[in-house]
Amino acid sequence: MKNQLSAYSSNFIYFPLPYHYAGYQYSKVTQNGTLTLMSTVGVPYGLYARLALVAITRLACKTDKNTIEDISLYEMLNAIRGVKPSGVQLDKFEKQLESWATTVINFMYEDDTWRTYRNLLLIKEGRFALQKNLKENEKVQITFSDDGLEFFRSNLIPIPTDAVREIEQSFDFDVLSWLVLTIYQCREKNSILTPWQSLYTQFQISPKNYPKFRTNFTETLLEVKKRFYPKAKIHKSREGGLIIENSPLLTDERTLLMPSFRQDKENPS
C-alpha cells in the first residue's frame, strides 16, 4: 500500500517562506527570480505557515467554486496532523491562516532578455472559527480570488502525509519538499547536480556561516530521506554539491504540475 500523500506548492520550494517573524513584508531573491510577500498582519512564517498552506490547498483542490464553507479550524488541523490539536497549536494555525488571507504575493522572473511579473491576492475573504463543534452558520468560509484558486490547484508536488503530521521544524519541511521536487524534475534526466552555493542562496538559514549550512543541510536531508522518502537516491558530488538521481516517484499523477515562472511571453521588458 502506497503512503498517503498531501500536496504543497512548489513555488515555496524555490522561494522558502520565512522561518521567523518577518514583519509586514518579506522578499526572497534566488537564481529563479524574486518573491515578495506583503501582508497587513505579518507575512506567513514558520512551520504553521506551511501547514496552513497544505490545509488551504486541500480545500481548494476539492472544488471549482471560489467560496468554500467547510470544517472548523480544529477539524482542519486535526485532519492534516492526525492528532487532536492543543489550544496553543490552534492559535498558531489560526494566526498563519490569517496571514495567508491578508497576503499579496509578487513573483518576478528575469533573465538576459525577459522579465515576467505575477501579482496575486490569493484569498478575497476568510472567516475562521476555532471551536470543535460549530453550528451551520459558524463554519469556516474562504473565498478565493480566481487567480488564487488557480494558484492553489496548480504548481503542486506531493508530500508524504506522515511528514506533514510528524515534522516539527520548517527547515526539515522545506528540505524534504526540495528533495521531492528535484526528483520530479529528474523524470527526463538521469540526475540533477545542485551546487552548494545554489542551495545556500535558496535556503540561507545561516547567512554568515556557509560551512555550518552545508553540515546542517546534509544532516537534515539524510534524516528526512530516511524517514519519509527512503527510495530517494542522493550522493555528494566532487564538483561541490549534491546529486539527486532519477528515483521512484511518490505518485505518477500528471495533475501534479511542475512550476513555470514564464507565462506566455507576449511582451518583452
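Analyst: Helices (H or I, at least four residues) and strands (E, at least two) are DSSP runs, numbered from the N terminus. This is a predicted model: local features need pLDDT of at least 70, side-chain atom pairs count only at pLDDT 80 or more, and totals for chains, interfaces and linings use all residues. Residues are numbered from 1 along each chain as its sequence is written, and side-chain values use heavy atoms, leaving out hydrogens and water.

User: How many strands are in the protein?

Analyst: Helices and strands are counted separately under the DSSP runs. The protein has 9 helices, and its strands number 12.

User: What share of the residues is buried?

Analyst: Buried means under 20% relative accessible area, exposed over 50%, and partly exposed in between (1.4 Å probe, protein chains only). Of the 269 residues in the protein, the buried share is 52%.

User: Is strand β12 largely enclosed or open?

Analyst: Strand β12 covers residues 241-245. Of its 5 residues, 4 are buried, so the rest of the structure leaves β12 largely enclosed.

User: Which residue of β12 is the bridge partner of L193?

Analyst: Two strands pair if DSSP finds at least two bridges between them. Strand β10 (residues 191-195) pairs with β12 in the antiparallel sense over 5 bridges. The bridge partner of L193 in β12 is I243.

User: Which residue takes a positive phi in the hairpin of β11 and β12?

Analyst: Strand β11 (residues 233-237) runs antiparallel to β12, joined by 5 bridges. K236 has L242 as its bridge partner in β12. The hairpin has 3 residues between the strands, and a positive phi near 95° is taken by G240.
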